[in-house]
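Here are a few exercises to work through with the model open beside you. Try each one before reading its solution.

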Amino acid sequence: MNGTDTGYAWFNAIAFYVDTQPTDYNGTAYKYSIRGSQPMYFNVSSIKNYKSGYYYNGSFVKYNSSDYINTTLSTLTLRSWDEVTRTNVEYSYPNNINVSTTTINGNSLLNITYLNGSWPSGWYWGELTLKNVDNETSTGWLGFSVRPFRVQISSN
């Protein structure tokens, strides 16, 4: 009762920021759902500091070339729910997953493929960890779905 109060707070200290966006095969359109026989693509960026972005000349600008840093892939892990066994199944690089590159030169298009044929249907979530030249790591989050087919209905 001396007029003081105690509070709690948290913060996250990271060496660099990893931005991941699901995309199509040429990295221009947002795409988070694929068929089992297709590869999954992510735009992956390793950045000194996070920026929220702004509009310039009609385009959304988030980072410029001086914001990016070079990194290498340290780990990549995906998980999916198995309806039959009612357990999470874990897939990892290089055991079950292949990636098109392990070097992220600031910003790269990462092609992720399943090594055992077609991706099993379901939702996938996980993370990739990148390492910079000082051997510091940071994590980016991944998520997408695999569907055996798609139905679209429209009426006139």
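**Exercise 1.** In which strand does Y41 lie?

*Solution.* Y41 belongs to strand β3, residues 40–47; strands are DSSP runs of E with at least two residues, numbered from the N terminus. A word on the ground rules: residues are numbered from 1 along each chain as its sequence is written. This is a predicted model, in which local features need pLDDT of at least 70 and side-chain atom pairs count only at pLDDT 80 or more, while totals for chains, interfaces and linings use all residues, and side-chain values use heavy atoms, leaving out hydrogens and water.

**Exercise 2.** Is Y41 buried or exposed, and which residues does Y41 touch?

*Solution.* Start with the accessible area: Y41 has a relative value of 16%. Buried means under 20%, exposed over 50% and partly exposed in between, with a 1.4 Å probe and protein chains only, so Y41 is buried. Next, list its contacts (heavy atoms within 4.5 Å). Not counting residues up to four places away in sequence, Y41 touches Q21, P22, T23, D24, Y25, L109, L110 and N111. Finally, check one of these pairs: the C-alpha atoms of Y41 and L109 are 6.8 Å apart, although 68 residues separate them along the chain.

**Exercise 3.** Describe the surroundings of D24.

*Solution.* First place the residue: D24 sits in the loop between β1 (17–23) and β2 (33–34). Then look for a charged partner. D24 is buried but has no salt bridge, and the nearest side chain of opposite charge, K31, is 7.5 Å away. A salt bridge needs a side-chain nitrogen of Lys or Arg within 4 Å of a carboxyl oxygen of Asp or Glu; Lys and Arg count as positive, Asp and Glu as negative, and His and the chain ends are not counted. Now turn to the backbone: the nitrogen of G27 lies 3.0 Å from a polar atom of the D24 side chain.

**Exercise 4.** How many salt bridges does the whole structure hold, and which residues do they join into one network?

*Solution.* The search finds two. In one, the side chains of E90 and R79 meet at 3.5 Å, N to O. Through shared partners, R79, E90 and E127 form one network.

Technical notes. Helix = DSSP H or I, 4+ residues; strand = E, 2+ residues; numbered from the N terminus. Polar contact = N/O pair within 3.5 Å; in protein donor to acceptor, adjacent residues only side chain to side chain.
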